[in-house]
Amino acid sequence: MVIGEIIHDQWCHFSGGPWIIVTAVDHRRAGAETAIAGQVCRAACRHRGATGRKHTGRLVLVLAGLTAVAPLAVDMYVPGFPGLARAFGAPASSVQLSLTAFLVGLAAGQLLLGPVSDAVGRRRVLLAGAALFTVLSLACAVSPSIEIFDAARLLQGVAGAAGMVVARAVLTDRFHGTPEAGRRFATLSAIVFMAPVAAPVLGGAILGIGSWRLVFTALAGFGVLLIAGLLAWVPESLPAARRRSGGVSGVVKAIAMLAGQPALVGYVLASSFTGAALFTYIAGSTFVFQDVYGLSASRYSLVFAANALGMLASSVLFGRLSARVRAGTLFVAGLAVSGTGTAALVASLATTGGSFAATWACLFVTVAGLGTALPATTTIVQSLGHDAPGAASGLLGGSQFILGAAASPLSGLLGNGRTVSMAVIMLAAFGLAALSLSLVHGARGRAASWRLRR
């Protein structure tokens, strides 16, 4: 027996293959050779593990960039609204419509492209989405009129949705049923919230050296980097044998199949109402802290960033706990924290009229709870819908953005007391999220009853 044979035998074992029984006349020699072979194999396994972690890290980095591109495209050009209106000679409402158009495209794109990726594969949809996002960003940069600009923004939202929705599906393909899943989804959730914090700062820096057109040129450059990352580090994660067929009807059937699962629908609704509370906070907090409490734009940015760091820390905590604690338990805990913070804010406003310190403290607690609640529901929904991860991701993301877009302007429409209206809407959203869990418990009860009858 030679070392090469023993290494092969040991490697079969380390790779999960069957044991090979080694026999040799000279047992001492065989023992020495086996020990050497074991050391070689352990070193090879460590190298393979390090290489695997490196590849996974690059994969998650590109997926994080794909997830961030849509939030960046939402907020990077907002500081340039006045210049954009002057350039087109258009009213502010037409400029704001470009933001609405992008959000509509983002919601519709997630509902459509998620199931499409179940049929044609992930990589193809990601590459097409990144390429179209790049081209449409350039179209926005050179638009000659507000009408063309708004149309380009709508299509840019659809293209940007590919990264958000398919990134979750890729993680489901790679990590479903493993302890890593929760931690990876927590990373993407943190990126989604941190990107709006960085976007206005990046946009302001670009506007300091150029016009709003340069902002969209920069987004096109980011799209080129994503295409390069996809080509280099993101392999296809959905084998042809696992893909769905049926064209448009297949897309509808996939969503209908998921909609027929009460537990999944319950968690989608819970996530969407929780997301609606987050959108309400993002849209309303700037008026609360600047108009009501008199903060400057720069000081408000610090408050918003501090709250975002609280959410990031909570997401990291979720990632660490998800391997040991059920995601459903972590969601309930996160929802309870957020609900408690919002209820405390409502109580403070009702009894003392509120103060800057109390409002900030309560909202910090609320946002921190979201850092656990949102990745928990993403993990659960993707696990329940693992037979069609793209459709599950599209249903989740589309619902979140539709409810979020509907909830965002409500605090401004309900009166001048923006702090009170924002807090009440957020508390109602958390209450509806908790109520949505009744669908989950109802589904579990029916399943248990069915098992007893058997």
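View 1. The protein chain has a mean pLDDT of 83, and 83% of its residues reach 70 or more. This is a predicted model, in which local features need pLDDT of at least 70 and side-chain atom pairs count only at pLDDT 80 or more, while totals for chains, interfaces and linings use all residues. Residues are numbered from 1 along each chain as its sequence is written, and side-chain values use heavy atoms, with hydrogens and water left out.

**View 2. The aromatic pair of Phe88 and Phe149.** Rings of Phe, Tyr and Trp (its six-membered ring) pair if their centres lie within 6.5 Å, and planes under 30 degrees apart count as stacked, over 60 as edge-to-face and the rest as tilted; by this rule the count comes to 17 aromatic pairs. Phe88 and Phe149 form a tilted pair, at 5.9 Å centre to centre and with 45 degrees between the planes. Phe88 lies in helix H3 (residues 81-88) and Phe149 in helix H6 (residues 146-175), so the pair ties together parts that are 61 residues apart in sequence; helices are DSSP runs of H or I, at least four residues long, numbered from the N terminus. Phe149 is buried at 0% relative accessibility, where buried means under 20% relative accessible area, exposed over 50% and partly exposed in between (1.4 Å probe, protein chains only).

**View 3. Trp212 and Phe216 in helix H8.** The ring centres of Trp212 and Phe216 are 6.3 Å apart and the planes are at 80 degrees, so this pair is edge-to-face. Both residues lie in helix H8 (residues 212-233), four residues apart, which is about one turn of the helix, and both are buried.

**View 4. Leu84 and the largest nonpolar core.** A nonpolar core is a set of buried Ala, Val, Leu, Ile, Met, Phe, Trp, Tyr and Cys residues joined through side-chain atoms within 4.5 Å. The largest has 57 residues, and those with the most contacts inside it are Leu84, Phe149 and Phe216. Its largest share, 13 residues, comes from H6. Leaving aside residues up to four places away in sequence, Leu84 touches Tyr77, Val95, Ile146, Phe149 and Trp212.

Terms used:
pLDDT is the predictor's confidence in each residue, from 0 to 100. Helices (H or I, at least four residues) and strands (E, at least two) are DSSP runs, numbered from the N terminus. Contact means heavy atoms within 4.5 Å.
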